[in-house]
Amino acid sequence: MTEPALPAAFGFLASARPGGGRVPDAVFATRGSHTRVDTALPDQSLIATLVHAPGIAPDAAQARDTDTAVLLAGEFYNRAALHSVLPPGSEPDGDAQLLLQLLHRYGLHAFRLINGRFAAMVSTGRRVLLATDHAGSVPLYTRVAPGEVSASTEAKTLAAQRDPRGFPLADARRVPGLTGVYQAPAGSVTEIDLDSGTATIHRTWTPQLGRRIMPEDEATAAVRAALDQAVAARVAPGDTPLVVLSGGIDSSGVAACAHRAAGSLDTVSMGTDTSDEFAQARAVVDHLGTRHREITIPSADLLAQLPYAVWASESVDPDIIEYLLPLVALYRALDGSGRRILTGYGADIPLAGMHREDRLPNLDTAVVYDMATFDGLNEMSPVLSALSGHWSTHPYWDRDVLDLLVSLEAGLKRRHGRDKWVLRAALADALPEETITRPKLGVHEGSGTTSSFSRLLIEHGVAEPAVKEVKRLVVRELFDLTVGGGRHPSEVSTAEVVRSAAERFARGAA
């Protein structure tokens, strides 16, 4: 069977109850077709809305047998390995069916085997299992009450139900302003008793704490092989992937691996009237021979899309929103049908790329902190690209790549005076020298996003020392309006929210 270029489902809203019922109409930020699922099991019913790309049947996103039903948003990347542990003759049709067979063999510990980008809901007996991939890269939210478990890949769909019920879930993050709504932890299975509403969280993955000492050549070979494999697993046979290219080492490395895996490649770069990295990206384009597009978005238009960035990511962290805003603007500028998009996003976290110093204890402390606090930031949510019907995926946060990069001792990450040395050395024969040696620049820096956002606040009378705090107020108000309040981003003015936040801050400071 030829695999489609896009997953069978991007997301879902679902409800499990002992009896029948209906799922309320959902307004997803994810653009796509909606398919209703109504599954009656001996001990409960699972009712859901799947959101998926137009023209792609979502059959492979659902599976059931006599007493178990599975819903899956996203995809698995180690299918061959997973197939190998099933009995001979097993031929699961799609990832949901594969998961169902793994669950019957291993129980909920099946999730420890999976390397993927997914969220899943499983109804079995009088239990409900809610599972995320190792990085929680497809966010999963839930509201739990005795006799009912609701779950969704977008918190706004649960907020729209206006249901005040919801048991507190230990070890799960409460979603700000949404009563009874919690975010399932990354790398976990939340096991819920449907009758009582009580829950137990089982960890299926945690970041590596031990560190590996490796010779330079062995470390660079391991990094190159792991990245090659992760990228190849994300390239659908016969499809030409699209890589978001800044010209930095992270995105350029993904582009080089994707070009080798697919045989052809499209690339795209985004800039503003304030700043861009077009020249640096072109050096990679010329070297690889990709089909390339440059998109320039005026800074005012970029900032006007802040409501979309908050609506999609469902984050209240202003720093994260600044990182994500250029990507959201880029995805929304891409026309045509849904594409599979690969990014270089996330490499800085396991490699401490934003920490440019030679004191190795400090460097590793930064890695430990970042790996302990990434959960819930939603930096890699597929909704960012699914706003425009695209599916994005991030090879540096492949489980096997992440396990390797995190575990390398700090001296391989900062070496010979270079940040992310091991990655640069691993790609030295695949990219131009100027790309290998180019200093790190964040996407929010290269696009001028941070400076433009700060300038907008200052123009509204915010003193420079107060900019960071007012940014926090702006993002939280945007969250309350779009995620909690149900307002479509097109109805929300960034300038008006900035003005409101600036006035509130001024009153509070007076």
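In the lining counts below, Ala, Val, Leu, Ile, Met, Phe, Trp, Tyr, Cys and Pro are taken as nonpolar, Asp, Glu, Lys and Arg as charged, and the others, Gly among them, as polar. The views show a predicted model.

**View 1. The largest pocket and its lining.** The largest pocket holds about 960 Å³ of space. Its lining is made by 42 residues. By class, the lining of the largest pocket has 20 nonpolar, eleven polar and eleven charged residues. Tyr323, Tyr345, Asp348, Glu379 and Lys440 are the lining residues that lie nearest the centre of the pocket.

**View 2. Helices and a strand around the largest pocket.** At least two lining residues of the largest pocket come from each of α5 (249-262), β15 (266-272), α9 (318-333), α10 (348-351), α11 (360-373) and α17 (443-446). The largest share of this lining is that of α9, with six residues.

**View 3. The largest cavity.** Six cavities of 30 Å³ or more are counted in the model. The largest cavity has a volume of about 80 Å³. Lining the largest cavity are Ala135, Gly136 and Ser137, together with Ile349, Phe374, Gly376, Leu377, Asn378, Glu379, Met380 and Trp397. This lining consists of six nonpolar residues, four polar residues and one charged residue. Glu379 is in the lining of the largest cavity, and Glu379 is also among the residues nearest the centre of the largest pocket.

**View 4. Packing of helix α4 against helix α13.** Helix α4 spans residues 216-233 and helix α13 spans residues 399-407. The two helices pack at an angle of about 160°, and their axes are 9 Å apart. Because of this angle, α4 is roughly antiparallel to α13. The crossing of α4 and α13 is left-handed. On the α4 side the contact is made by Ala222, Val223, Ala226, Leu227 and Ala230, and on the α13 side by Val401, Leu404 and Leu405. The contact of α4 with α13 comprises eight nonpolar residues, with no polar and no charged residues.

**View 5. Packing of helix α4 against helix α5.** Here α4 meets α5 at an angle of about 60°, with 9 Å between their axes. The crossing of α4 and α5 is right-handed. From α4, the residues in contact are Arg224, Leu227, Asp228, Val231 and Ala232. From α5, they are Gly253, Val254, Cys257, Ala258, Arg260 and Ala261. The contact of α4 with α5 has seven nonpolar residues, one polar residue and three charged residues. Leu227 of α4 takes part in this contact and also in the contact with α13.

**View 6. Packing of helix α8 against helix α19.** Helix α8 (residues 306-313) and helix α19 (residues 467-484) have axes 9 Å apart and pack at an angle of about 65°. The two helices are therefore roughly perpendicular to each other. In this crossing, which is right-handed, α8 contributes Leu306, Pro307, Val310 and Trp311 to the contact, while α19 contributes Val475, Leu478, Phe479, Thr482 and Val483. Eight of the contact residues are nonpolar, one is polar and none is charged.

**View 7. Glu191 and its surroundings.** Glu191 sits in strand β12, which covers residues 188-193. Leu130 is 61 residues from Glu191 in sequence, yet their C-alpha atoms are 6.7 Å apart in space. Leaving aside residues up to four places away in sequence, Glu191 touches Leu108, Arg127, Val128, Leu129, Thr198, Ala199, Thr200 and His202.

Definitions and conventions: Residues are numbered from 1 along each chain as its sequence is written. This is a predicted model: local features need pLDDT of at least 70, side-chain atom pairs count only at pLDDT 80 or more; totals for chains, interfaces and linings use all residues. Side-chain values use heavy atoms; hydrogens and water are left out. On a 1 Å grid over the protein atoms alone, a cavity is a set of points where a 1.4 Å probe fits but cannot get out, and a pocket is an open set with protein on both sides within 12 Å along at least five of seven lines; lining residues have an atom within 4 Å of a point. Grid points are joined across faces, edges and corners, and a volume is the space filled by probe spheres set on the points. Helices (H or I, at least four residues) and strands (E, at least two) are DSSP runs, numbered from the N terminus. Axes are lines fitted to C-alpha atoms, for helices over the stretch in contact, and angles run from 0 to 180 degrees between N-to-C directions. Angles under 35 degrees count as roughly parallel, over 145 as roughly antiparallel, 65 to 115 as roughly perpendicular and the rest as oblique. A crossing is left-handed if the near helix is turned anticlockwise from the far one by less than a right angle, and right-handed if clockwise. Contact means heavy atoms within 4.5 Å.
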